[in-house]
Amino acid sequence: MDTAPPGPPGPTAAAAAPPSRAGRDLTRAIPVGVGLGALVIASIAFTPRAWYIVAAGAVAIGTWEVFKRLRQARFRLPLIPLLLGGQATVWAGFLSGAEGAFAAFAVTTVVVLVWRLLMGGLTTAPKNYLRDAAVAVFVLAWIAVPGSLGAMLSDGEFGAQRVVALILLVVCSDVGGYVAGVLFGKHPMVPAISPKKSWEGFAGSLLFATVGGATVVAMMFNDSVWKGILLGVLTVFTATLGDLVESQVKRDLGIKDMGTMLPGHGGFMDRLDSVLPSAVVVWVIFTYVVPT
């Protein structure tokens, strides 16, 4: 399971097919997006805390996708601690809140460090230990920790509203950036990392998400519009930066998508890249700025 297979094709793999202006196949992407939205609604319709099941599943799938890609690139990561530790981090949040999630993350980090140390046996010094151990902890911090905070949005009386707020704000950012980028995008934002991102698209994300944030906070939580605008702006920044982080990871690995699970979208992590960091800022806002 932990033996590294031959590495991926060269760094030109991500550019094998010429990208379209839209950047995705809408005939397949839209039905998949609708299906994911239906899954969100179904998960919180009976009880908001059922969202933990969705979040735990997303963390597991995302971790597995990233592990496979890293294994192809000859990283040797301890899969079992990553998968079980990710689940422990999410479900510890279910039982004990943020304190429990942090404790689970800390314990998993120690297990990962020791597990990677011993993967070659007691008589062989591990090769590339520092690199592999650091990347393994990065995977936990990238996927499991934000995933646990996203799951904890479902706690409390307004849990369903907080989950809906997260998804709506990320969708507003994504749709606004897509529409403005396709119609008006001329000035690349960070061409060295993500050539399709434009400043016009970023402005579209800000417009859609600030309106969405103001509406959500005013109507769902009966709180200040300005707090909603703050929420929208921060979500755009985290969603955009999260997308850029994943783009850079894929560039380092020489791949176009993390997987092929979602037609028109790529891999599961290609959808989670903006949701995970946004879950952090949404949890912080609803915990300390718009307490519910």
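The following legends describe close-up views of a predicted model. Local features require pLDDT of at least 70 and side-chain atom pairs count only at pLDDT 80 or more, whereas totals for chains, interfaces and linings use all residues. Residues are numbered from 1 along each chain as its sequence is written, and side-chain values use heavy atoms, with hydrogens and water left out.

View 1. The structure holds 10 aromatic pairs (rings of Phe, Tyr and Trp, the last by its six-membered ring, with centres within 6.5 Å; planes under 30 degrees apart are stacked, over 60 edge-to-face and the rest tilted). The ring centres of Trp91 and Phe94 are 5.5 Å apart and their planes stand at 65°, so this pair is edge-to-face. Trp91 has a relative accessibility of 33% and Phe94 a relative accessible area of 28%. Each therefore counts as partly exposed (buried means under 20% relative accessible area, exposed over 50%, partly exposed in between, with a 1.4 Å probe and protein chains only). Together with Tyr52, these two residues form one aromatic cluster.

**View 2. The aromatic pair of Phe221 and Phe286.** With ring centres 4.6 Å apart and planes at 40°, the pair is tilted. Phe221 belongs to the loop between α6 (199-220) and α7 (225-253), and Phe286 to helix α8 (residues 269-289), so that the pair links distant parts of the chain, 65 residues apart. Both Phe221 and Phe286 are buried.

**View 3. Arginine side chains over the rings of Phe94 and Phe75.** Arg49 lies over the face of Phe94, 4.0 Å from the ring centre. The charged end of Arg131 sits over the ring of Phe75, at 4.4 Å from its centre. A charge is assigned to a ring if NZ of Lys or CZ of Arg is within 6 Å of the ring centre and within 35 degrees of the ring normal.

View 4. Thr240 counts as buried, at 8% relative accessibility. A polar atom of the Thr240 side chain lies 2.7 Å from the backbone oxygen of Val236. Neighbours within four places in sequence aside, Thr240 is in contact (heavy atoms within 4.5 Å) with Met189, Lys197 and Phe202.

Methods: Helix = DSSP H or I, 4+ residues; strand = E, 2+ residues; numbered from the N terminus. Polar contact = N/O pair within 3.5 Å; in protein donor to acceptor, adjacent residues only side chain to side chain.
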